[in-house]
Amino acid sequence: IKTDTGGIMEFGVFDHVDRSHLPLHEYFEARLELVERYDQAGFYSYHIAEHHSTPLGLSPSPSVFLAAVAQRTKRLRFGPMIYALPLYNPFRLLEEICMLDQMSAGRVDMGFGRGASPIELGMFGIDPADAENIYGEGLEVILQGMTEQRLNFKGDFYHYDDVPVALEPFQKPYPPMWYGIHTPESADRAARRDLNVLSLDDSALTKTLTHSYRAARTDMGKDSQPELKIGIGRFIVLADTDDEALSIARRAYPLWHDNFNYLFRLRGSKPRHPRAPDFDGLCADGQGIAGSPRTVIDNLSTDIATSGANYLVGQFSFGSLTQAETLRSIDLFTDQVMPALRGQV
């Protein structure tokens, strides 16, 4: 599946769908209102996380939330970043994805992975040591089921014998696939599998990932083909002045950080990819930016140039940000930052 940027920077959204102070029924409606704004603003895709038993992720069933997204938007693509495959029957999941792709007339982006948290896998009775093999078998089942009318598969974890497949995806042969990368080796594997990728690391580390990704494409003789999405993600808060934006971000971020560490505190362990305890530390680590449009343009312009990414993904809603603060930040990004960065590939 090929996605040609045409030399133009494109913009997406990443959302943990993390808990705020709103009652849940108000929270979900507020999130869907933001999704409508992303659609109107011309963002390319809306990527959501899957987490369980934690306030870090209130979309433990991404397909349910994304079914609402499909009905509230017209152009915006959307998908999980990622479905945690060890937690699914892959035959059931491929049917859900086909439904979403048909309901949205072909706007689904598929992301699959092992699952970021061994704690969450363990709560479902999954041995984290088996996660990689379960993921591999599940992905093979899903792709076979989207391209064939009968499912035949025999593995260590799944077995299907001449199972009819009644649904098919709108996009052929199947929706574009995405993968989160943290190492040059994972970037190389993703490139060889024709996967779009997203890095949440700082621009210097991301540069090593994009280099590995493009080197693999060249090695395969695919460097002359339309380039896939090579994304870099950032927490982003905008306001009219630097002081106002930083004040908002500093107040809002601690709740997200508490949510991020909730299960690890509960089980007495530590995350594999920790985040700074305050927003200033997040910025110092190259993973966040808060400021006026001019400051954000300058910061992100450097990130793009350093990293080699062709797709910028913003996390605009997190922690205790109010709906008004988030909408204002999105509007400033759309009106001033996107036009300034669009040609920077």
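Let's start with arginine 251, which comes out as partly exposed, at 40% relative accessibility. Please keep in mind that we are looking at a predicted model. What does arginine 251 pair with in a salt bridge? Its partner is glutamate 325, with 2.8 Å from N to O. This pair connects distant parts of the chain, since arginine 251 sits in helix 8 (residues 242-267) and glutamate 325 in helix 11 (residues 323-341), 74 residues apart.

Now, over to another pair. Arginine 294 and aspartate 298 form a salt bridge too, and their closest N and O atoms are 3.0 Å apart. Both residues belong to helix 10 (residues 293-307), and because they are four residues apart, about one helical turn separates them.

Aspartate 15 and arginine 31 form a salt bridge, with 2.9 Å between the closest N and O atoms. Aspartate 15 lies in strand 1 (residues 10-15) and arginine 31 in helix 1 (residues 24-41), so this pair ties together parts that are 16 residues apart in sequence. Here aspartate 15 and arginine 31 are buried, whereas arginine 251 from my opening is partly exposed.

And how many salt bridges turn up in the whole structure? The search finds 21, including the aspartate 15 to arginine 31 pair. Thanks, everyone, and I'm happy to chat about any of these pairs.

Technical notes. Residues numbered from 1 in each chain as written. Predicted model: local features only at pLDDT ≥ 70, side-chain atom pairs only at ≥ 80, totals over all residues. Heavy atoms only, no water. Salt bridge = Lys/Arg side-chain N within 4 Å of Asp/Glu carboxyl O. Helix = DSSP H or I, 4+ residues; strand = E, 2+ residues; numbered from the N terminus. Buried < 20%, exposed > 50% of the residue type's maximum accessible area, 1.4 Å probe, protein only.
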